[in-house]
Each structure stands twice: as C-alpha cells, then as structure tokens.
Amino acid sequence: MTNLSHFAEKPTILVIDDTDDNLTFLSNLLNTNYKVTIANSGEIALQIIRDNPLPDLILLDTFMPEMDGYEVCRRLKSDSQTRKIPIIFLTSTSKIDDEIYGLSIGAADYIVSPISPAILLSRVKVHIRVKEIQDSLRNQRAWFHSIIESAPDAMLVTDDKGEIVLCNSRAAVIFGYGSSELYFKNISDLVYESAGIRKDGTEFPAEVSFNDLPNLNDSGVCSCVLVRDITERTRVENEIREAKELAETANKMKSDFLANMSHELRTPLNAIIGYSEILQEDAEEIGQYEFVADLKKIHSSGKHLLTLINDILDLSKIEAGKMDLNLDDFDLKHMIEDVETIIHPLMGKNNNQFVIEKKDLFFKTMHADVTKLKQSIFNLLSNAAKFTNEGLITLTVRNYITDDDDERIAFSVSDTGIGLTEEQIGKLFVDFSQADSSTTRKYGGTGLGLVISRRFCRMMGGDITVCSKINEGSTFTIDLPVAVKLSDENTMT
Ligand SMILES: Nc1ncnc2c1ncn2[C@@H]1O[C@H](COP(=O)(O)OP(=O)(O)OP(=O)(O)O)[C@@H](O)[C@H]1O
Ligand SMILES: [Mg+2]
C-alpha cells in the first residue's frame, strides 16, 4: 500500500518576499514545524525552484519590484512540473478584486496584512494537509493503474448499462482498437458467449469472465470483465488432438498389420518346424546322421522364430485391445511345479543354482489367467538365467494382505547376475528396448519379454517392479491379487 503520510521529513515551504523583515518574521514563525527556504525576489525564487526538489507550499508576496507575485504565480501554474505546488498570496491590500484575481490564476489562498500568526499557521497546516492527501491519491491512482496494466488479459470495467468506463491497454490490443476508442463502447459489442469481436468484425476464441463490482455512486451494478484471447491455445490444442488421432490411427493400423502378419507367418512356420522334426526322425531311421545336425538347426531356429512371432502377436493384440483374460481357479503348488519343469533346462545352461522359496503361503488356490501368469514368471526366470553366470537364482512366492484387506500374492525372481544401472532400469519395460546395444549381440532376445509380462500383470490388476544393482544382481517382482476380478481395466494396456 502507499503511505498516506508521505512526508518523511518536515514539509518544505518557500517564502518569497522582497522585505527582509517579513522574511525574518515568517521564517521564525514557521521554522519549528517546517523546513523554510527564503527568496527576496521572483527571479531568485524561480531559480531555487528549478534547482532544488519542489517545495510543498509557497508563501508569495504580491507586490515586489521587477517581477510581482502574480507573475511568479502565473509562471509556476503554466508549467506542468510546478503546477501542483499550492501558493498562498500574502498582501497588504485588501482589495477584493486583487484577491479574486489571485485565486483565479491558481492560488490556493489569499491572506491580507496585518497577518495573524495563528491564522497563518492554521491555513498553512490545512493546505499542506490537502497537498499531502492529493499526492497520496495521485500515487494510489498510479499504483492501481500499474496493476491493471500489468494484467496479461483485457480488463474492462463497465457501468450498469454495460458501457466501458475503464480499461487497460491490453484490451485495446486484443480488440484492435486505438488506446482511447474503447471508452463508452458497450461490452455486448465486444464479447459474445465464448468469442471476442475485434474492431474489424473478426472473432477470436476467448475465455470471458464477468465479476460484479461495488458501484461507487450506488447506481446499479458495475462489472469487471476479463477477456483472455485463447486463439493460440486453441490452435495448439487442435494440433495436439489431430496429431493424437493420427498417431492412434497409425498405431491401430500397425497393430492390425502385425496381428495379421504374425498369424499368416505362424502357419507356414509351424509346417517348417513339424516337417524338420519328421525329417530328423526319418534321417535317423535311415542312418543319414550327417543331416541330423542341420535339421536340428532348422528346427531350433524355427522354434526361436515362432517365439518371436508369438511375442509380437501378443503385443499387437494387447495394443489393439484384443487381448482377453481367461480367468480360472488353479492350484498354486501345481502352477509353480509346472514353471519349474519348463525352466529347469534353462537354469543348467550357465551353471546357475535354482531355488524356490514359499513364504507363508496361506492361499492354496489363485484365481487368474494361469497361462499369462506362467508366461510372465517364465520371462523373469529366463532373463535371470540368461543374465547370470554360475550364480544363484531364487523364486520366492509370498502371500500378504494390504491395509485395505486386499489379498495379494508376490512372485519375486532374484539373481546374482550382471544387474542394471539406474539409467538402464529407466529404459526397461519399453517395447524392443534392451539395457544396451551390446545385449542383443551377447545374449540375444528382442526386448519384448518384460513389456508383455508387465502388460499381462497390469491387465490382472497387478504390476511388475524391479530393484537392481549393477554387477550385483536384480530382483523382479510380480504382484497380483489372489483373486483377479474382470473389469474394464482388464482389457486395457
Ligand atoms: N535379470 C536381469 N538382469 C540383468 N538385466 C536384465 C534382467 N532382466 C532383464 N534385463 C535387461 O532388460 C532387457 C529387457 O528384457 P526383456 O525380457 O524385455 O527382453 P530380452 O530378454 O532382451 O528379450 P526377450 O525377452 O524378448 O527375448 C534385457 O535385454 C536386459 O538388458
Ligand atoms: Mg527376456
């Protein structure tokens, strides 16, 4: 807030009189409460005013040789810099016409000799106070003006008839008017529902808010209308929406294409796998052992390709929202045994030791999509087996109940393998992404296992989390409800 009493020091008074006795008398009278400067001619007074901070009040003798008081007053009042200084004329004549003339050229007051000290002091006090209030009002107006000018939106104040009585310069810019042209236009000519209307008649999208204001003169309701030009924002929003729609269409086309292609590829591939198996048996039977090794390679490459195609098919089905859950009750122990049987040969490959720990397994059955759960656990275990050499791999199965009485089950796969850096962890679960480019060369794989597994788990109301330290090992945890419920989210990715 501005400070109403802005005189930090004593108010300053300039006394102008050609008689030294008068100057001494007035200085002595005013010195206690004011800072007094004296001048014994009009020219010297004007010089002092030019060279120093403006006085708060001037006491001015009317009759002086060369330049009289009236001339000094006229000059000060015709200059915008000095116009606001209150002037009190001091005179020895009591002619009413002189007094009227003095007031007509801008003096604040007119005091006739003999001067009563008490009256002079009280009039000086009143005029200093009036000046103080005027200065303060001027400061407050400038302060208020700078506030509305700093608004990034158009700000328009209307009277009870909707006519604009105040606005900021942003309003003129937004509506395309000259700086004072908006005054007394009606707000209904400028805004219409959620559009602004420019001077040239063109419209622009706008956010408009009307706020009632207390009316200073008690004549109806005033409004403060804020108008934000949202042309640019609307354009960007439209572009984003169009880009999103385009991307979604392209993504759907990609998923459909992949789903169809994967399907088409699997049929001949299954034939290649099947026939290479038959040929292997035939070659063994007729003793053509030199072909067996090559046929085995065809068979295992075909199998590898089939896994890849199945992964891609899974992913594209998930993305196209066509992946369904087949929920069923199953025995946890049997499911874990099945996983162990499938994973067993993989564990031996890098001389890893494999342990299964069942902790507080108080739920014997689970209700979920057993195939997808097995595939997810298998993915974690095959990763652990792939990225660990002569280490320990542990599958821990554990039940727990959350604070919300949610019955959950966690399958954690820990290994003592190569581990991951923070940066690598950030890139996990991204389609076709592997920890670094050397991974494919060294370990094979496509970087789809985790993505698919996480999406399966999320469909079942769970998730996969990871914690890992480079060169020390990793723990991947699948967390699921014991009884998965079918909901809209199940089919979402
Ligand atoms: N247990 C682990 N230890 C170290 N790195 C791992 C582990 N599991 C996954 N990763 C890193 O995460 C990457 C992605 O794993 P993901 O299972 O998705 O793909 P992949 O095993 O490379 O290929 P795919 O599973 O599709 O055959 C891996 O390439 C590897 O860099
Ligand atoms: Mg994998």
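## Talking through the model

Modeller: This is a predicted model, and the mean pLDDT of the protein chain is 90, with 93% of its residues at 70 or more.

Colleague: Which elements have the lowest and the highest mean pLDDT?

Modeller: Helix H12, residues 438-443, has the lowest mean at 67. Strand S18, residues 473-481, has the highest at 98.

Colleague: And where does pLDDT stay under 50?

Modeller: Over residues 1-5, and for that stretch the model has six contacts beyond four places in sequence. Where pLDDT is low, the predicted coordinates should not be read in detail.

Colleague: Okay, on to the helices. What angle and what distance do you get for H7 and H8?

Modeller: H7 runs over residues 231-285 and H8 over residues 289-319; they pack at about 160 degrees, with axes 8 Å apart.

Colleague: Why is H7 called roughly antiparallel to H8?

Modeller: The label goes to angles over 145 degrees. The angle here is about 160 degrees, so H7 counts as roughly antiparallel to H8. The crossing of H7 past H8 is left-handed.

Colleague: How do the residues of that contact divide by class?

Modeller: Between H7 and H8 there are 17 nonpolar, nine polar and seven charged residues.

Colleague: What about Ile-298, where does that sit?

Modeller: Ile-298 is in helix H8.

Colleague: What makes Ile-298 partly exposed?

Modeller: Ile-298 has 16 other C-beta atoms within 10 Å. Buried takes 20 or more and exposed takes 12 or fewer, with partly exposed in between, so a count of 16 makes Ile-298 partly exposed.

Colleague: H8 also meets H13. At what angle do they cross?

Modeller: Roughly 40 degrees, and the axes of H8 and H13 (residues 449-459) come within 10 Å.

Colleague: Which residues make the contact?

Modeller: H8 brings Asp-311, Asp-314, Leu-315 and Ile-318, and H13 brings Val-451, Ile-452 and Arg-455. By class, that contact has four nonpolar, no polar and three charged residues.

Colleague: Now H2 and H3. How do you know how they are oriented to each other?

Modeller: H2 (residues 42-51) and H3 (residues 69-77) pack at about 25 degrees, with axes 10 Å apart. Angles under 35 degrees count as roughly parallel, and H2 and H3 are therefore roughly parallel to each other. H2 passes H3 in a right-handed crossing.

Colleague: Which residues meet there?

Modeller: Gly-42, Ala-45 and Leu-46 of H2 meet Glu-71, Val-72 and Arg-75 of H3. The contact of H2 with H3 has three nonpolar, one polar and two charged residues. The polar class includes Gly.

Colleague: What about the backbone, where is there a cis peptide bond?

Modeller: From Ser-113 to Pro-114, with omega near -5 degrees. Pro-114 lies in the loop between strand S5 (109-112) and helix H5 (117-150).

Colleague: What is the phi of Asn-351?

Modeller: Near 55 degrees, a positive value in a residue other than glycine. Most residues other than glycine have a negative phi, and most peptide bonds are trans. Asn-351 is in the loop between helix H9 (332-349) and strand S13 (353-359).

Colleague: What makes Asn-351 count as exposed?

Modeller: The cut-off for exposed is 12 or fewer; Asn-351 has 10 C-beta neighbours inside 10 Å, so it counts as exposed.

Colleague: And Asp-405, how do you know whether that is buried or exposed?

Modeller: Asp-405 has 6 C-beta neighbours inside 10 Å, so it counts as exposed. Asp-405 also has a positive phi, about 65 degrees, without being a glycine. Its place is the loop between strand S15 (392-401) and strand S16 (407-415).

Colleague: Last one, Leu-332. Why is that partly exposed?

Modeller: Leu-332, in helix H9, has 17 other C-beta atoms within 10 Å. That falls between the 12 of exposed and the 20 of buried, so Leu-332 is partly exposed. Beyond four places in sequence, Leu-332 is in contact with Leu-361, Phe-363, Lys-364, Thr-365 and Met-366.

Terms used: Residues numbered from 1 in each chain as written. Chains lettered and ligands numbered in written order. Predicted model: local features only at pLDDT ≥ 70, side-chain atom pairs only at ≥ 80, totals over all residues. Axes fitted to C-alpha atoms, helices over the stretch in contact; angles between N-to-C directions. Helix = DSSP H or I, 4+ residues; strand = E, 2+ residues; numbered from the N terminus. Parallel < 35°, antiparallel > 145°, perpendicular 65-115°, else oblique. Left-handed = near helix turned anticlockwise from the far one by under 90°. pLDDT = per-residue confidence, 0-100. Contact = placed C-beta atoms within 7 Å.
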